[in-house]
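Please look through the report below alongside the model.

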Amino acid sequence: MSSASPAATGPLGAVRRIFGGGTGPVFVVLLTLLVVMLLLNPSFFQPASLMAFLRNAAPLIILAAGQYFVIVSGEFDLSVGSLVGAQVVIAAKLIDGDESRTWPVIMLMLGFGLLVGLVNGLVTTLLKVPSFITTLGMMLVLAGAIRLWTGGAPTGALSESFRQWGRMGIEVPVLRQIPYAALIMIVIAVLTVLLMRGPYGRTLVATGDNDVAASFAGAQVWQVRTLAFVLSGLLATVAGILIGGFAGVTAQVGDGMEFTAITAVVLGGVVLGGGRGWIVGAMAGALTYRLLERLLVQLDMPSTLNPTIQGVIIILALAYGSRRLWGRRRRRAAQPITTKPQPSGAE
Amino acid sequence: MRRSNRILIGGLTAIGLTLTACTTDAPTDDAETEVEQEAETDAGTDDGTAEQADDGSDGGTEEGEFFVREEYERQLAQRDMEPEGDPDTPWMQMIDVDEMVDTSEFAVDGPQDLCFSNASVGNPWRVTGWITMQEQVEVLQDEGVIGEFRTADAADDDNQQISDIQSFINDGDCGAIMISPSTTATLTPAVEEACDSGVPVIVFDRGVNTDCAVTFIHPIGGYAYGATGAEFLVDNLEAGDSVLALRILPGVDVLEHRWGAANDIFSDSDLEVVGVEFTEGDAAQIKDIVTQYLQRGDVDGIWMDAGDGAVAGVEAFEDMGMDYPAFVGEDELGFMRKWDETGMDAVGLSYSNFQWRTPVLAAEMIWNGEEVPAEWVLPQSPVTEDDLGEYLEANSEMPDLHYAKFGGEDLPGFPEAWQDR
Amino acid sequence: MSDGVVAAGGQPARTNRVERRSPLTSIPLIYIALLGTLIVGAALMAVNGENLFSGGNIVDILTRSSLLGFIAIGQTMVILCRSLDLSVGYVAALSSLVAATTMDGDPSRIPLGVAAGLGVAALVGLFNGVVTAKLKVHAFITTLGAGLIIKGYLDTVYPGPAGEVPGAFQAFGYTRIGLVPLSAAIMLIIAVFGVIMLQRTRTGHRMFAVGGNDEVARLSGIRTDRTIILAHVFSSVMAGVAGLLLAARFGTGVGAQIYDAGYDLDSIAAVVLGGTLLLGGRGGVAGTIAGVLILGVLDTMFNQLQIDPFFRDVLRGIIIIAAVAVYARRQIDPTKSRARFGEKSASRKGSTGTSPPEPTGDSRARRAGSREEQSE
């Protein structure tokens, strides 16, 4: 919900939105990191390297898109990391190397992701359990249940037709290979941006901004939020398919990804608590996070220091972002607040 | 807009500055003070923190908390010693026995309750061993040696494991306590408390800083593990070739020993270590990091401190269309199958998964009043190209995340118990 | 759940009354839950021929509870202020290492080590508080970031266990007074102080006020920033105490073994289980202690009953969700409602069809106020 909303439709609006809204800092950081990368390792910009980077970043970007829906509606989803892990383990166990089972199992996984999202959403909205707790509980349940089922270590194997989505790509000239993961990511990005431009997106942001007002405006707040969790569950499943495909199955898949995804979304200028932020910012946040990680591997220093630098940059970016936000709030607060929040153009 | 542009530029510079500032000043300052502080206070025992990630330093790995040269050399020597006992039951073999302990004071009749405080079953290696142990216990339960088998799993939480051990002591009905410590240093006081309670204590896998336990069972050790892998690379690569070292995480003594030994050997060789990275054993991270190094230059050899995710590392080479490197993996079947399939130069190190049987059998010996070694060193040898086929055939029905040297082939539960986890 | 908050902050004028009343409203339920857990637990144990109330088990429950108790008491304070602290595990690790290396096996340096450990912890808390309150970075990110910073520092500077805790200080971790471990006794004493502070002192009242409705708190003359900073310092110091306890039990300081143990989420779960609202303004230390004890009883029970560790996780997850759902049911109060500018899972009013929100202009006015307030 950027203050630039009235102008957000034209091309000028797009520019203003990228550098003007709460999304601003992430693009600044992204550009900075790209420049640093160019100085340190120009070969990163060779097509093959870039494609490999996109393949690696795609799952987190997709996860961040899912997390965005939940966060912008004013909630949290801490269960995505263990959902990714659970999905990969389920796939390996059920496919067990049999090519013919690939598609049925993928369908089943999507169904399972949907179910997990639905449970998260309904427990949060209807039973009124704060989503932090709902999804924390779900995280414990999923992690425990999946290990209980497999006896602690994943069993079985993924099929080649399952793995291709995270591992292979389309051969083209110049770029050599466009990874399927990148294509899937782009398709999801387009679909989610369109979704956020439509009526659902507006209602979702309005709900996150002020659910009382949203419900006066006729929104079924609980449905809107539940759907956000379902989307998060589905996109986490897609991310799981790509991650499992990329590297195969290990016991650690997905560990801690919930915090990474939330950090990425917040880095993208989406405000925890809901109602503010652009989905493109969230995805750019994920891209920035991965780029930062990549950059840290290039630097000649003990890799144990990486978390420190990540921490500093995240806090700085957020502090900078919220500083900008104050300025706008001051301006906003001077205006009378409209009864019906019009999350115009707020995606 | 202008104002915001200025802010943008300001922010950009600030972030850039922070980046550089962070990488140079602050951490080194802190590090220095800490090391000084340690050196000053630790004098006599451990001097300073281990400079573990310092690859390419001359003259081998520095002595430190995680690198004791004397122990390192002892382990290297133990690799060449002939183990005592039947080679068909390696879990009962012993190497370099120093002292046998008289256990007649613990001799008892009738079934005894066996208690086991487990650090965790958090990785496939431990899961495999845990199944083997349970199968072995079942055999002894049927023979009337063991009554109840009580276990407490600490899920990698050291404090929890201390509570678990205390709980066993307080209950007072354990005939013996087996402990697989989560961390050497932190579990030491709790193990001492267990020893003081008068119950025979058996420690295995990772050790503790006390010899109060009746017996401490372990394979030769982390130094030998790391060194065998490093020597393989030195033998199979040429001078000037580059090696990437992948480690799981810092601070775990067994893993630090592995790297300390490898680092020592690499620094005395003509190989160039191009990077040392922590991966948390996560396949996606391993594959990504290897890919990044391949984009920057050649990697001729990969050294890993544990085989988790090794296959993903191999795949990185495949997906980049590069030649296979010389690869140091583990005796995990997924890796061994990949190795067989690709025909690359590799070695499958083993941390003797069969060691999970030994403590149960040691408990039986102790209750019989038989002598056990104070330090029971089990054999530890890698899977090589020569016996790869043999192990693959023997384990053809086993899942990928199973370990070839699990040593449970003669137990009645074989093979179903390890197949259906 | 959030409707409970809603009730707590009803109207500005009532804030003071709410402060005094709030700690009482949800606590009885948690004690009923604790009692229920004990009864069910004892019954299950009895079926298996064991006694939950045996000396050994009581010691076990209290030992398990004391560590999480320290952290959860601190976490209660921040959550009351509608903040949260994800850095507690890292702070505990830092404090254990600083204390153990400072003591270095020399009994005469114990006070110095304790001071150093707690001092470093307090500094981290100050950082968390200032960044959260002054720079307006969401506490989730501040404390997650602070945790990452500490993690990098610890992994680089202390690659493994470091320092040595003298025997005299190890007593903190291993001494028992009858059936009560020393650490549990100290934890309970601090808890009592915590209860008194929240209910009887101005600082405590401020915390409720800030968590309940910070712009109202501000308008009534409370320096909300200071209160939040204070809560963060308190939380970090309590995490530091937990670090000292761990150092005493381990005989040395460690990093990864502490920060990987999940104390951050565990402590938040315990606090919420204890009836404190995740959105602040309502709850208290007494409930938190009951929440911690419930988790301790469950752990001991699971261990004695030989329940698979993975199944334990599943049960814990379900129990936490179920408990909070029960509180939420009880606290639904359809006549009161308020909107709130975003925080965590804030403002879920009207999110169900069951409690239509009250259309007060009041809430919107406050909303506007909220923005204004934060803009300065």
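How far apart do the end C-alpha atoms of residues 129-149 of chain A lie, and how much of the span is helix and how much strand? The end C-alpha atoms of this span lie 27 Å apart, and the span is 90% helix and 0% strand, where helices (H or I, at least four residues) and strands (E, at least two) are DSSP runs numbered from the N terminus.

## Basis of the model

This is a predicted model, in which local features need pLDDT of at least 70 and side-chain atom pairs count only at pLDDT 80 or more, while totals for chains, interfaces and linings use all residues. Residues are numbered from 1 along each chain as its sequence is written, and chains are lettered from A and ligands numbered from 1 in the order in which they are written.

## Chain A: annotation and confidence

The UniProt record, an unreviewed entry, places the feature "transmembrane region" at residues 18-40, 52-72, 102-123, 129-149, 178-196, 227-249 and 261-284 of chain A; UniProt positions are given in the numbering used here, feature names are shortened, and annotations may be inferred rather than shown by experiment. Residues 52-72 of chain A are 100% helix and 0% strand, with end C-alpha atoms 30 Å apart.

The average pLDDT of chain A is 85, and 86% of the residues score at least 70, pLDDT being the predictor's confidence in each residue, from 0 to 100. Over residues 1-9 of chain A pLDDT stays under 50, and the model has 31 contacts beyond four places in sequence for them; two residues are in contact if their C-beta atoms, placed from the backbone, lie within 7 Å. Residues 329-347 of chain A also have pLDDT under 50 throughout, with 41 contacts beyond four places in sequence. Where pLDDT is low, the predicted coordinates should not be read in detail.

## Chain B and its domains

Chain B has 13 helices and 13 strands, and 56% of its 421 residues count as buried (20 or more other C-beta atoms within 10 Å of the residue's own; exposed means 12 or fewer, and partly exposed lies in between, with C-beta atoms placed from the backbone). The UniProt annotation "domain: Periplasmic binding protein", from an unreviewed entry, covers residues 116-338 of chain B, a stretch that is 48% helix and 21% strand, with end C-alpha atoms 35 Å apart.

The domain assignment of chain B gives domain 1 (86-220 + 353-379 + 405-419) and domain 2 (222-349), with bounds that come from an automatic or database domain assignment. The C-alpha centres of these two domains of chain B lie 31 Å apart, and the contact between them takes five residues from domain 1 and five residues from domain 2.

## Where chain B meets chain A

The contact between these chains takes 40 residues from chain B and 45 residues from chain A. On the side of chain B that touches chain A, H1(B) gives the most, with 11 residues. By class, this side of chain B has 19 nonpolar, 11 polar and 10 charged residues, where Ala, Val, Leu, Ile, Met, Phe, Trp, Tyr, Cys and Pro count as nonpolar, Asp, Glu, Lys and Arg as charged, and the others, Gly among them, as polar.

## The largest nonpolar core

A nonpolar core is a set of buried Ala, Val, Leu, Ile, Met, Phe, Trp, Tyr and Cys residues joined through C-beta atoms within 7 Å. The largest one has 351 residues, of which Ile61(A), Ala64(A) and Ile202(B) touch the most other members. Helix H11 (residues 221-247) of chain A provides the largest share of this core, 18 residues. Both domain 1 (86-220 + 353-379 + 405-419) and domain 2 (222-349) of chain B give residues to this core, so it lies between them.

## Chain C

Chain C contains 17 helices and two strands, and 66% of its 376 residues count as buried. Nine of the 11 residues of helix H10 (residues 202-212) of chain C are buried, so this helix is largely enclosed by the rest of the structure; among them are His205(C), Arg206(C) and Phe208(C).

Most residues other than glycine have a negative phi, and most peptide bonds are trans. Lys128(A), however, has a positive phi near 60 degrees; Lys128(A) lies in the loop between helix H5 (102-125) and helix H6 (131-150) of chain A, and counts as buried with 26 C-beta neighbours inside 10 Å. Ala155(B) has a positive phi of about 50 degrees, and with 18 C-beta neighbours inside 10 Å Ala155(B) counts as partly exposed.

A cis peptide bond, with omega about 0 degrees, joins Phe414(B) and Pro415(B). Pro415(B) lies in the loop between helix H12 (385-394) and helix H13 (416-419) of chain B.
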